[in-house]
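Subject: Structure for you to look at

Hello,

Here is the structure I promised to hand over. Please open it beside this email and follow along.

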Amino acid sequence: MQSARINQALIPLTEAVDDICRYFFQTGKISDQASLGRELEHECLGDLVRGDLCTGVALLLQDGRAASWPFAHIWELCDGSRLKQVRINTFGEYSLAEAVKAISSSSLKSSKDMSFRALIVLGLNMGLLHTWLSVLASRRHVNEKVYDPGALMRSSPAMDAVFYQLCRLLTFPFQLFVESESMDDLPAPPEDQGASLPGGFLSADAQGGSASFRVYRDTGVFQNVEEKLVIGGTEGPSTWSLVFVCGED
């Protein structure tokens, strides 16, 4: 695939990433980024993510759809449970499958648009959005059936460019509310916002039963092979959690 075609097709995604980077660097101080990453304090960050960034990712996933495209919505492309060719063998595949399952059992389940945007939000919070798109691109047997040969999702150079753009976001401490679109208003900021951790991993407690997102991790995440992932959401207002634990529960 020609680089000019790739660059042109990825303009919406690239511009969305540029806007988010400019947002986090608006004060010129790294120390301000923790506050800027909190949607409770800066709702405009949620608008940047659920607006232009989600649109850019959606356009990527819909580029070059084949005539045999079987999905009514791109959310269904993310849900590998309905695809017989998909096997879960890696951390990326497992975490994506569990994230989709959690969103599908949340207050967002009635809207595929909101579910898709929530997945992007969750991926940013967890620092795994680039990994999940890599998982989707690696489903070659599926992609050969649902995308034309010139589709971005079937082009290694195109996906390299996508991963480069998304990896630019890894250093930012996103604290976005996964279920915000199903809520009339965001909950009031708690007194203790929790500590921001590298790579988009966060530690924050739910307050007053409001739907929120939590991440706990040990210092050995991605280094200790005995660690495992637990992610969950339950129907109605709930706490989203990504828990890394070593050894037995």
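Below is what was found in it, from the overall picture down to single residues.

**Overall picture**

Keep in mind that this is a predicted model. The protein holds 10 helices and 5 strands. It has 249 residues, and 48% of them are buried. Look also at how the chain meets itself. Take the contacts between residues at least 6 apart in sequence: 68% of these join residues at least 24 apart.

**The nonpolar core**

Start inside. In soluble globular proteins, nonpolar side chains tend to be buried together. Here, the largest nonpolar core has 60 residues. Val 49, Leu 53, Leu 61, Phe 116, Leu 119, Leu 169 and Phe 174 have the most contacts inside this core. Which elements give two or more residues to the core? They are H2, H4, H5, H6 (91-104), H7, H8 (129-138), H9 and H10, all of them helices. Helix H7 gives the most, with 9 residues.

Now zoom in on Leu 119. Leave out residues up to four places away in sequence. Leu 119 then touches Trp 75, Cys 78, Leu 96, Ala 99, Val 100, Ile 103 and Trp 132.

**Helix H2**

Next, find helix H2, residues 11-24. H2 has 14 residues. From its first C-alpha to its last, H2 reaches 20 Å, close to the 20 Å expected at 1.5 Å a residue.

Which residues of H2 are buried? They are Leu 13, Ala 16, Val 17, Ile 20, Cys 21, Tyr 23 and Phe 24. These residues cover an arc of only 160° around the axis, so they sit on the same side of H2. What covers them includes H3, H4 and H10.

**Leu 166**

Helix H10 is also where you will find Leu 166. Leu 166 is buried, because its relative accessibility is 4% and the cut-off for buried is under 20%. Setting aside neighbours within four places in sequence, Leu 166 is in contact with Leu 13, Leu 129, His 130 and Leu 133. Leu 13 is one of the buried residues of H2. Now compare Leu 166 with Leu 53. They are 113 residues apart along the chain. Their C-alpha atoms are separated by 9.9 Å.

**Asn 143**

Asn 143 lies in helix H9, residues 140-146. Is Asn 143 buried or exposed? Asn 143 is buried, with a relative accessible area of 2%. What does its side chain meet? A polar atom of that side chain lies 3.0 Å from the backbone oxygen of Leu 136. Leaving out neighbours within four places in sequence, Asn 143 is in contact with Leu 136, Ala 137, Met 153 and Arg 154.

**Salt bridges**

How many salt bridges does the structure hold? There are 8. Three of them are worth a look.

Begin with Arg 50 and Glu 39. Their closest N and O atoms are 2.6 Å apart. Arg 50 lies in helix H4 (residues 43-62), and Glu 39 lies in the loop between helix H3 (33-36) and H4, so the pair ties together parts that are 11 residues apart in sequence. Arg 50 is buried, at a relative accessible area of 14%. Glu 39 is buried too, at 3% relative accessibility.

Then take Glu 76 and Lys 112. Their side chains meet in a salt bridge of 2.4 Å, N to O. Glu 76 is in helix H5 (residues 74-78) and Lys 112 is in helix H7 (residues 112-126), so this pair links parts that are 36 residues apart in sequence. Glu 76 counts as buried, with 10% relative accessibility. Lys 112 counts as partly exposed, with 37%.

Arg 117 belongs to helix H7, while Glu 181 sits in the loop between helix H10 (156-167) and strand E1 (195-196), so the pair ties together parts that are 64 residues apart in sequence. Arg 117 is partly exposed, at 22% relative accessibility. Glu 181 is partly exposed as well, at 32%.

Happy exploring.

Best wishes

Notes
Residues numbered from 1 in each chain as written. Predicted model: local features only at pLDDT ≥ 70, side-chain atom pairs only at ≥ 80, totals over all residues. Heavy atoms only, no water. Salt bridge = Lys/Arg side-chain N within 4 Å of Asp/Glu carboxyl O. Helix = DSSP H or I, 4+ residues; strand = E, 2+ residues; numbered from the N terminus. Buried < 20%, exposed > 50% of the residue type's maximum accessible area, 1.4 Å probe, protein only. Expected span 1.5 Å × (residues − 1). Arc of directions from axis to C-beta. Contact = heavy atoms within 4.5 Å. Polar contact = N/O pair within 3.5 Å; in protein donor to acceptor, adjacent residues only side chain to side chain. Core = buried A, V, L, I, M, F, W, Y, C linked by side-chain atoms within 4.5 Å.
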